[in-house]
Amino acid sequence: MAGPPAYAAFPVVGHTALRAHSTDATQGPLSGIRVLDMTRVLAGPYCTMLLGDMGAEVIKVEHPTRGDDTRAWGPPFKSYERKVPDRPTNNLRRTPPEFPGESAYYLCVNRNKKSIAVDMKRKEGQRILRQLAAKADVVVENFVPGKLAEYGLGYADLHKINPRLVYASITGYGSTGPYSKRPGYDVIIEAEAGLMHITGEPDGPPVKVGVAVTDIMTGLYTHGAIMAALISRATTGRGQHIDASLIQTQASILANIGSNYLIGGQEASRWGTKHPSIAPYEVFATSDGSICIGAGNNSQFASLCRRIGKPDLAADPRFCTNTDRVANRVELVAIINRRLRQMTTKQALDLLEGSGLPFGPVNNIRQTFEHPQLVSRNAVQEISHPFAGRIKMVGPAVEYSESSVAVRMPPPMLGQHTEDVLRNVLGYSDAQLEQAVCDG
């Protein structure tokens, strides 16, 4: 069942201060949609966070003692400013792990959700999840194919209970095929599906992208697929199964690199920051840092030449067209490098300002969050957490003119909303709550 009654750890806060975070008079575009979130780590939680940002009620199902794996992934942790009440142990006398705070990893993808502590391996836990699925619009899960079916929680099982249910599965390799039973992690799929092969310097080893982009893109794909399925349901009255995978997502975002191979048989290679078909289009060193410049057409290239004091380059037969510039890339880049190395990054940026040329500094993370454009757009938002105080996070990336997309609720504590959900979604009485605890 709900395992140890984790909701008992929040006897006051769960009914007062936390409730204030969950009410918002402005409706999001998915207001009224209920999502049962049986995912953990990144791809699934990223998807369900996006749905929550748009106003959906997201009920996150967590293991009663350890919760989402990412709760333990740190440092860094956001330290607790208030003492967290001890969680009661269950009838197996297991002691929940002691977290030094809320991990930054967990916090980044779990806002706008409620957390319930449910042991889905137990009959009572399975019964609770089936009851919730009957009242849900969407289920999102990221277990190995077939695992939830063992608990009576697979698509076929829940479709019988709720034919209108949109059931999204996120896996490493998809629900069919010779690799379907394999677990999938972002870095493995980056290696296996081409991304690592094309990332890095030409004379260096393959490297992974600095953030788990395959996980994130799979979450984005899945959240879009869920919304399309909800629109379809409005016409047909029926839900459907969404089969999303890391490997197919990664193959799809190879984009022109994949097309070059499929159409022209051209095997890809690593280019560092360069572009195989455009020049100049890369990072250049300054005297104290780096700047990225992309001249995608002749007009932009001519503007670059004028700004760096080399107007004659635009008429040089070696560099007249993009094809010429690609063919003579080494000579061109050497000329630009010599000029830019004589400047500081600020001098180079000031020189190119207003040129119509795409350019920008290579910023570290601090500089990124201090970027004037991100500051003006309120990209970083804060919300109060009941035990960890004020939390900063990157807010929703998209704004709507007629709907609210907002950080309404802080990422939940483990099992914080178990009692609330059992009472207010499933209508449990005090006696049923006590029975659920006993059965767990």
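**Exercise 1. Is D316 buried or exposed, and what is its relative accessible area?**

Let's start with a single residue in this predicted model.

- Step 1: D316 has a relative accessible area of 16%.
- Step 2: Buried means under 20%, so D316 counts as buried.
- Step 3: Now look at its partner. D316 forms a salt bridge with R318, and the closest N and O atoms are 2.9 Å apart.
- Step 4: R318 has a relative accessible area of 34%, and is therefore partly exposed.

**Exercise 2. Describe two further salt bridges, and say where their residues stand in terms of burial.**

- Step 1: A search of the whole structure gives 20 salt bridges.
- Step 2: Take E81 and K78, whose side chains meet at 3.5 Å, N to O. E81 is exposed, at 58% relative accessibility, while K78 is partly exposed at 25%.
- Step 3: Next, take R233 and D137, with their closest N and O atoms 3.0 Å apart. This pair links distant parts of the chain: R233 belongs to helix α7 (residues 213-236), D137 to the loop between α4 (123-134) and β6 (138-141), and 96 residues separate them. R233 and D137 are both buried.
- Step 4: Salt bridges also join into a network here, linking R34, E57, K114 and D420.

**Exercise 3. How many disulfides does the structure hold, and why does C292 form none?**

- Step 1: The search of the whole structure finds zero disulfides.
- Step 2: For C292, the closest cysteine sulfur is that of C305, 17 Å away, which is too far for a bond.
- Step 3: C305 is in no disulfide either; its nearest cysteine sulfur, in C320, is 10 Å away. The cut-off for a disulfide is 2.5 Å between sulfur atoms.

**Exercise 4. Which residues make the nonpolar surface patch of about 420 Å²?**

- Step 1: The patch is made by I365, F369, L374, V380 and V394.
- Step 2: V394 lies in strand β13 (residues 389-394).
- Step 3: V394 counts as partly exposed, at 45% relative accessibility.

Terms used: Residues are numbered from 1 along each chain as its sequence is written. This is a predicted model: local features need pLDDT of at least 70, side-chain atom pairs count only at pLDDT 80 or more; totals for chains, interfaces and linings use all residues. Side-chain values use heavy atoms; hydrogens and water are left out. Patches are made of residues with over 30% relative accessible area and no salt bridge: like charges are joined within 9 Å, nonpolar side chains (Val, Leu, Ile, Met, Phe, Trp, Tyr) within 5 Å. Accessible areas come from the Shrake-Rupley method with a 1.4 Å probe; for residues, only the protein chains shown count as cover. A salt bridge is a side-chain nitrogen of Lys or Arg within 4 Å of a carboxyl oxygen of Asp or Glu. Helices (H or I, at least four residues) and strands (E, at least two) are DSSP runs, numbered from the N terminus. Buried means under 20% relative accessible area, exposed over 50%, partly exposed in between (1.4 Å probe, protein chains only).
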